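Please walk through this protein with me, from its metal site to its helix packing and then to the backbone of its loops.

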Amino acid sequence: MLLSEIEIFKKKNKYPDFKPKAIFFDMDGVLFDSMKFHAVSWLKAMLQVGLPFTETEAYMNEGRTGASTIDNVFVAVRGRNATEKEKKEIYKIKSTHFEACGKIERMPFALELLQKIKAENKDIFVVTGSGQPSLIDSLQENFPDIFKKEKMVTAFDVTNGKPHPEPYLKALKKSGLQPWEVVVIENAPLGVESANAAGLFTIAVNTGPLNPEVLSNSGANLVLKDMEDLYVKWDKLF
Ligand code: CA
């Protein structure tokens, strides 16, 4: 099954080969079961400043930087971008709600998969739109000896967040690898779009409430149910 997907991917991108040496992981909704908390925090923050927002919108905007999410709502509702002050204010409210959500759990089978990949001597990167300092710190706590600071791309490292290819292109540059030597694990439509635009093979794990077709339509080379599904199938994939 996967062989044909790899052939299609190689052909489309005119790549001479496909040999994964590094795996780029998105963070929220892939490594952490945090998206439900992000969604509800966005909802509460927008409501507090009188902006309409839905859970589906939160999931459809997943992967964007906070500033870009706020701008999008402003353009739709008020016909203009938010000012820097408004962005800062709303993101602060959102962050406060998020922190109050309590302990963020690891996504089931994320640690097991990372340990397997580490044992295979493949490089592991995190590529996230998140700018939550607490969440980035908790990567070390939840996944000891897996991540290195120099192998992360966060909201602080990019000018253009997902769906722009910049985050994944930046990770690719840091890795020193060719685009056919990388596999991306994403869960959100905009994240898939970003990885796809960077020319990388993208596996989507549909850990949220969206229809799986949304992920294939965004350009995912393969859509799986969740991280357990990916863990179970991993050895057969590559
Ligand atoms: Ca995500």
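Predicted model: local features only at pLDDT ≥ 70, side-chain atom pairs only at ≥ 80, totals over all residues.

The calcium ion is coordinated at 2.1 to 2.3 Å by Asp26 through OD, Asp28 through O, Glu62 through OE and Asn187 through OD1. Read along the sequence, these donor residues follow the spacing D-x1-D-x33-E-x124-N. Because Asp26 belongs to the loop between strand S1 (22-25) and helix H2 (35-48), while Asn187 belongs to the loop between strand S4 (182-186) and helix H9 (189-197), the pair ties together parts that are 161 residues apart in sequence. Asp26 and Asn187 are both buried.

From the metal site we turn to helix packing. The axes of helix H4 (residues 66-78) and helix H5 (residues 84-100) come within 10 Å and cross at roughly 110°, which means that H4 counts as roughly perpendicular to H5, the range for that term being 65 to 115 degrees. The crossing in which H4 passes H5 is right-handed. On the H4 side the contact is made by Gly66, Ala67, Ile70, Asp71 and Phe74, and on the H5 side by Glu86, Lys87, Ile90 and Tyr91.

A second pair is formed by helix H6 (residues 110-119) and helix H11 (residues 227-237), which pack at an angle of about 25° with their axes 9 Å apart. Because angles under 35 degrees count as roughly parallel, H6 is described as roughly parallel to H11. Here H6 passes H11 in a left-handed crossing. H6 contributes Ala110, Glu112, Leu113, Lys116 and Ile117 to the contact, and H11 contributes Met227, Leu230, Tyr231, Trp234 and Asp235. The residues of this contact divide into seven nonpolar, no polar and three charged. As background to such lists, an α-helix has 3.6 residues a turn, so residues three or four places apart point the same way.

Helix H8 (residues 166-175) can be read through its buried residues, which are Glu166, Pro167, Tyr168, Ala171, Leu172 and Ser175. These buried residues pack against S1, strand S2 (123-127), strand S3 (152-153), S4 and H9. After H8 comes Gly176, whose phi is positive, near 70°.

Lys14, although not a glycine, has a positive phi of about 55°; Lys14 sits in the loop between helix H1 (2-13) and S1, and its relative accessibility of 74% makes Lys14 exposed. Phe109, also not a glycine, has a positive phi of about 75° and is located in the loop between H5 and H6. At 27% relative accessibility, Phe109 counts as partly exposed.

One more loop residue remains. Pro209 lies in the loop between strand S5 (201-205) and helix H10 (212-217), and with a relative accessible area of 54% Pro209 is exposed. Although Pro209 and Lys36 are 173 residues apart along the chain, their C-alpha atoms are separated by 9.6 Å.

Methods. Residues numbered from 1 in each chain as written. Heavy atoms only, no water. Donors = N, O, S within 2.8 Å, 3.2 Å for Na, K, Ca; no water. Helix = DSSP H or I, 4+ residues; strand = E, 2+ residues; numbered from the N terminus. Buried < 20%, exposed > 50% of the residue type's maximum accessible area, 1.4 Å probe, protein only. Axes fitted to C-alpha atoms, helices over the stretch in contact; angles between N-to-C directions. Parallel < 35°, antiparallel > 145°, perpendicular 65-115°, else oblique. Left-handed = near helix turned anticlockwise from the far one by under 90°. Contact = heavy atoms within 4.5 Å. Nonpolar A, V, L, I, M, F, W, Y, C, P; charged D, E, K, R; others polar.
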